Amino acid sequence: MDHRMDHRRGAGSAPQALRRPLRKAALAAVLLLAGAAPALALMSPQVYASARDGAKSVIVLEVEAVTITPRAFGTCGVTGTVKLVERGAAYSVGQKVTLDIPCARPNALPPLGGTIYQETDRLQASKFGRAYLDADGKLVLSQYERLEALP
(Lines give C-alpha, C1' and ligand atoms only; values in the text may rest on other atoms or scores of the structure.)
Protein backbone atom coordinates (compact mmCIF):
# COMPACT_ATOMS: atom_id res chain seq x y z
CA MET A 1 0.00 0.00 0.00
CA ASP A 2 1.34 3.38 -1.01
CA HIS A 3 1.00 6.10 1.66
CA ARG A 4 2.30 8.96 -0.42
CA MET A 5 0.15 12.08 -0.76
CA ASP A 6 -1.81 12.41 -3.97
CA HIS A 7 -0.46 15.67 -5.39
CA ARG A 8 -3.21 15.98 -7.99
CA ARG A 9 -5.61 17.35 -5.39
CA GLY A 10 -5.15 20.97 -4.41
CA ALA A 11 -4.39 21.96 -0.84
CA GLY A 12 -7.54 21.94 1.25
CA SER A 13 -9.46 19.90 -1.31
CA ALA A 14 -12.09 17.60 0.15
CA PRO A 15 -11.69 13.87 -0.46
CA GLN A 16 -14.12 12.38 -2.98
CA ALA A 17 -16.20 10.81 -0.20
CA LEU A 18 -16.95 14.27 1.26
CA ARG A 19 -17.60 16.16 -1.99
CA ARG A 20 -21.03 14.72 -2.72
CA PRO A 21 -22.47 15.42 0.78
CA LEU A 22 -21.01 18.95 0.66
CA ARG A 23 -22.64 19.60 -2.71
CA LYS A 24 -25.97 18.28 -1.44
CA ALA A 25 -25.76 20.46 1.67
CA ALA A 26 -24.95 23.56 -0.41
CA LEU A 27 -27.85 22.86 -2.78
CA ALA A 28 -30.22 22.30 0.16
CA ALA A 29 -29.15 25.62 1.69
CA VAL A 30 -29.82 27.48 -1.56
CA LEU A 31 -33.23 25.86 -1.97
CA LEU A 32 -34.12 26.57 1.64
CA LEU A 33 -33.23 30.23 1.28
CA ALA A 34 -35.09 30.52 -2.01
CA GLY A 35 -38.21 28.86 -0.62
CA ALA A 36 -38.18 30.59 2.73
CA ALA A 37 -37.68 34.08 1.37
CA PRO A 38 -39.16 34.74 -2.06
CA ALA A 39 -38.22 38.37 -1.67
CA LEU A 40 -34.56 37.42 -1.33
CA ALA A 41 -32.62 39.20 -4.04
CA LEU A 42 -29.29 38.37 -5.58
CA MET A 43 -28.13 41.90 -6.36
CA SER A 44 -26.49 44.18 -3.86
CA PRO A 45 -28.78 46.56 -1.96
CA GLN A 46 -27.00 49.49 -3.65
CA VAL A 47 -28.27 48.35 -7.07
CA TYR A 48 -31.87 48.43 -5.86
CA ALA A 49 -31.32 51.77 -4.07
CA SER A 50 -29.93 53.22 -7.29
CA ALA A 51 -32.99 51.96 -9.20
CA ARG A 52 -35.30 53.64 -6.67
CA ASP A 53 -33.28 56.87 -6.85
CA GLY A 54 -33.49 56.83 -10.66
CA ALA A 55 -37.20 56.05 -10.92
CA LYS A 56 -39.05 58.66 -12.99
CA SER A 57 -42.24 58.24 -10.96
CA VAL A 58 -42.91 57.14 -7.40
CA ILE A 59 -46.55 56.63 -6.47
CA VAL A 60 -48.46 55.30 -3.50
CA LEU A 61 -51.69 53.55 -4.36
CA GLU A 62 -54.60 52.16 -2.42
CA VAL A 63 -54.88 48.52 -3.47
CA GLU A 64 -58.35 47.61 -4.70
CA ALA A 65 -57.76 44.30 -6.46
CA VAL A 66 -54.97 41.80 -7.07
CA THR A 67 -55.05 39.38 -9.99
CA ILE A 68 -52.92 36.36 -9.09
CA THR A 69 -50.99 34.45 -11.72
CA PRO A 70 -52.25 30.86 -12.15
CA ARG A 71 -48.65 29.61 -12.02
CA ALA A 72 -46.49 29.17 -8.93
CA PHE A 73 -44.69 32.41 -9.78
CA GLY A 74 -44.97 35.11 -12.40
CA THR A 75 -46.68 38.48 -12.62
CA CYS A 76 -49.66 39.63 -10.59
CA GLY A 77 -51.79 42.61 -11.56
CA VAL A 78 -52.27 45.12 -8.76
CA THR A 79 -55.07 47.59 -9.43
CA GLY A 80 -55.67 50.64 -7.30
CA THR A 81 -56.09 54.38 -7.02
CA VAL A 82 -53.14 56.75 -6.73
CA LYS A 83 -53.26 58.36 -3.29
CA LEU A 84 -49.86 60.12 -3.31
CA VAL A 85 -47.44 61.16 -6.03
CA GLU A 86 -44.01 61.30 -4.42
CA ARG A 87 -42.09 61.94 -7.66
CA GLY A 88 -42.86 62.71 -11.28
CA ALA A 89 -45.70 64.23 -13.25
CA ALA A 90 -46.96 61.18 -15.17
CA TYR A 91 -49.55 60.26 -12.51
CA SER A 92 -52.09 62.24 -10.54
CA VAL A 93 -53.94 61.67 -7.29
CA GLY A 94 -57.20 59.83 -7.94
CA GLN A 95 -55.93 58.12 -11.11
CA LYS A 96 -56.69 54.39 -11.52
CA VAL A 97 -53.62 52.24 -12.26
CA THR A 98 -52.81 48.59 -12.78
CA LEU A 99 -49.22 47.52 -12.16
CA ASP A 100 -47.46 44.28 -13.06
CA ILE A 101 -45.78 43.03 -9.88
CA PRO A 102 -43.51 39.95 -9.77
CA CYS A 103 -45.19 37.49 -7.42
CA ALA A 104 -44.87 33.93 -6.15
CA ARG A 105 -47.08 31.64 -4.15
CA PRO A 106 -45.80 30.68 -0.70
CA ASN A 107 -43.27 27.85 -0.93
CA ALA A 108 -42.79 28.36 -4.69
CA LEU A 109 -39.24 28.15 -6.02
CA PRO A 110 -38.88 30.93 -8.57
CA PRO A 111 -35.62 31.07 -10.53
CA LEU A 112 -32.64 32.69 -8.86
CA GLY A 113 -31.89 36.15 -10.17
CA GLY A 114 -32.42 39.82 -9.48
CA THR A 115 -36.22 39.73 -9.47
CA ILE A 116 -37.87 40.30 -6.11
CA TYR A 117 -41.07 38.24 -5.93
CA GLN A 118 -43.85 39.38 -3.61
CA GLU A 119 -45.71 36.58 -1.84
CA THR A 120 -49.20 36.37 -3.32
CA ASP A 121 -51.03 36.10 0.01
CA ARG A 122 -49.22 39.14 1.42
CA LEU A 123 -49.76 41.06 -1.80
CA GLN A 124 -53.52 40.39 -1.60
CA ALA A 125 -53.62 41.38 2.07
CA SER A 126 -51.82 44.70 1.61
CA LYS A 127 -53.91 47.85 1.72
CA PHE A 128 -51.44 50.21 0.05
CA GLY A 129 -48.33 49.95 -2.09
CA ARG A 130 -45.45 52.19 -3.18
CA ALA A 131 -44.25 51.69 -6.73
CA TYR A 132 -41.04 52.95 -8.33
CA LEU A 133 -41.70 53.30 -12.05
CA ASP A 134 -39.74 54.05 -15.21
CA ALA A 135 -40.83 56.49 -17.95
CA ASP A 136 -43.06 53.75 -19.47
CA GLY A 137 -44.88 53.09 -16.20
CA LYS A 138 -43.11 49.77 -15.59
CA LEU A 139 -41.71 48.76 -12.23
CA VAL A 140 -37.94 49.36 -11.95
CA LEU A 141 -36.05 46.28 -10.70
CA SER A 142 -39.08 44.86 -8.86
CA GLN A 143 -39.24 47.90 -6.59
CA TYR A 144 -42.70 47.61 -5.08
CA GLU A 145 -43.26 48.03 -1.38
CA ARG A 146 -46.34 46.74 0.44
CA LEU A 147 -47.67 49.26 2.95
CA GLU A 148 -50.19 48.86 5.77
CA ALA A 149 -51.08 52.56 5.88
CA LEU A 150 -50.52 55.75 3.93
CA PRO A 151 -47.13 57.29 4.66
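**Figure 1. R130 is a buried arginine in a predicted model.** R130 has a relative accessible area of 11%. The cut-off for buried is under 20%, so R130 falls in that class. The model is predicted. R130 lies in strand β5.

Figure 2. E86 sits in strand β2, residues 73-87, and R130 in strand β5, so the contact ties together parts that are 44 residues apart in sequence. E86 is partly exposed, at 42% relative accessibility. R130, by contrast, is buried.

Figure 3. R130 belongs to strand β5 and E145 to strand β6. The two residues are 15 apart, and the pair links distant parts of the chain. E145 is partly exposed, with a relative accessible area of 34%. Through shared partners, salt bridges join E86, R130 and E145 into one network.

**Figure 4. Strands β5 and β6 pair in antiparallel fashion**. Strand β5 covers residues 128-133. Strand β6 covers residues 139-147. The two are joined by 5 bridges. L133 stands opposite L139, a residue of β6.

**Figure 5. R122 and E119 form a salt bridge**. Their closest N and O atoms are 3.7 Å apart. The cut-off for a salt bridge is within 4 Å, so the pair qualifies. R122 is partly exposed, with a relative accessible area of 48%. Exposed would require over 50%, so R122 stays in the partly exposed class. E119 is buried, with a relative accessible area of 15%.

**Figure 6. Salt bridges of the predicted model**. The structure holds 5 salt bridges.

Notes:
Residues numbered from 1 in each chain as written. Predicted model: local features only at pLDDT ≥ 70, side-chain atom pairs only at ≥ 80, totals over all residues. Heavy atoms only, no water. Pairing = 2+ DSSP bridges. Helix = DSSP H or I, 4+ residues; strand = E, 2+ residues; numbered from the N terminus. Salt bridge = Lys/Arg side-chain N within 4 Å of Asp/Glu carboxyl O. Buried < 20%, exposed > 50% of the residue type's maximum accessible area, 1.4 Å probe, protein only.
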